Amino acid sequence: MYEAKSKEIVLRKVREALAKSAPFLPPTPDFSTSVYGPLLEDLSVLFAETFIRNSGTFVYCENEEDFFDQLFEFKKERGIDNLYVWEPTLKKILHAGGINFNGTEDDFINNAQAALTTCEALVARTGSILVSSANASGRRLSVYPAMHLVVAKLSQLVPDIKQALQFVQEKYGKRLPSMLSLVSGPSRTADIEKTLVMGAHGPKELILFLVDDHSD
């Protein structure tokens, strides 16, 4: 008896609700607008601050010559004897700048101390580096060595991920790379007993050399 009465109360409330006019519906959202608010800082400043907050090492280079000097000093300070570089254009530039590197895959597994690659774009809001498998560095060079060094240009800096993906779309058209990855700082995990471990699934250190090509 009690269950029947409760059921009747519920049904009555449903009938009353259906009899009322439909509630006001808000306008359809504008999906073309950004989910983020406007950026109030200079893109390069925002990127550098966020990148460093993500435990990355940021090195500003005034020009290409300054990049050679900074890279030479970094290698010397960190004792890097095996810097692997596989991209032909990058190898040509480093050779012209007098920077020693390993341009082959000889004994890569045993001696992959550090690697230097380029990237597709830099995302200011998240302090991330967008890398892909499209260049000669492939997938391994940005993942296996303990130190991942990246050289990028100021002109590759974009506000958000959306613009970074558009940048890639315009560059490759229908032949998109098989892998796109946003790298936000060194590899890390705290899956085991909530203890932070660096380099669990990739490089322990991420170093970016940002070359100012706007002053050229």
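Guide: Start with the buried residues of α3: Asp 66, Phe 67, Phe 68, Leu 71, Phe 74 and Lys 75. The model is predicted, so local features need pLDDT of at least 70, side-chain atom pairs count only at pLDDT 80 or more, and totals for chains, interfaces and linings use all residues. Residues are numbered from 1 along each chain as its sequence is written, and side-chain values use heavy atoms, with hydrogens and water left out.

Visitor: Why is Phe 67 called buried?

Guide: Buried means under 20% relative accessible area, exposed over 50%, partly exposed in between (1.4 Å probe, protein chains only). Phe 67 has 2%, so Phe 67 is buried. Phe 68 has 6%, so Phe 68 is buried too.

Visitor: What makes α3 a helix, and how far does α3 reach?

Guide: Helices are DSSP runs of H or I with at least four residues; strands are runs of E with at least two; both are numbered from the N terminus. Helix α3 covers residues 64–78, which is 15 residues. Its expected span is 1.5 Å times one less than its number of residues. That gives 21 Å, and α3 reaches 21 Å from first C-alpha to last.

Visitor: Which elements do the buried residues of α3 pack against?

Guide: Among them are β1 (57–61), α4 (88–96) and β11 (205–211).

Visitor: How many aromatic pairs does the structure hold?

Guide: Eight. Rings of Phe, Tyr and Trp (its six-membered ring) pair if their centres lie within 6.5 Å; planes under 30 degrees apart count as stacked, over 60 as edge-to-face and the rest as tilted.

Visitor: Why is the pair of Phe 47 and Phe 51 called stacked?

Guide: The centres are 5.4 Å apart and the planes stand at 15 degrees, so the pair is stacked. Both residues lie in helix α2 (residues 43–53), four residues apart, about one turn of the helix.

Conventions. Contact means heavy atoms within 4.5 Å.
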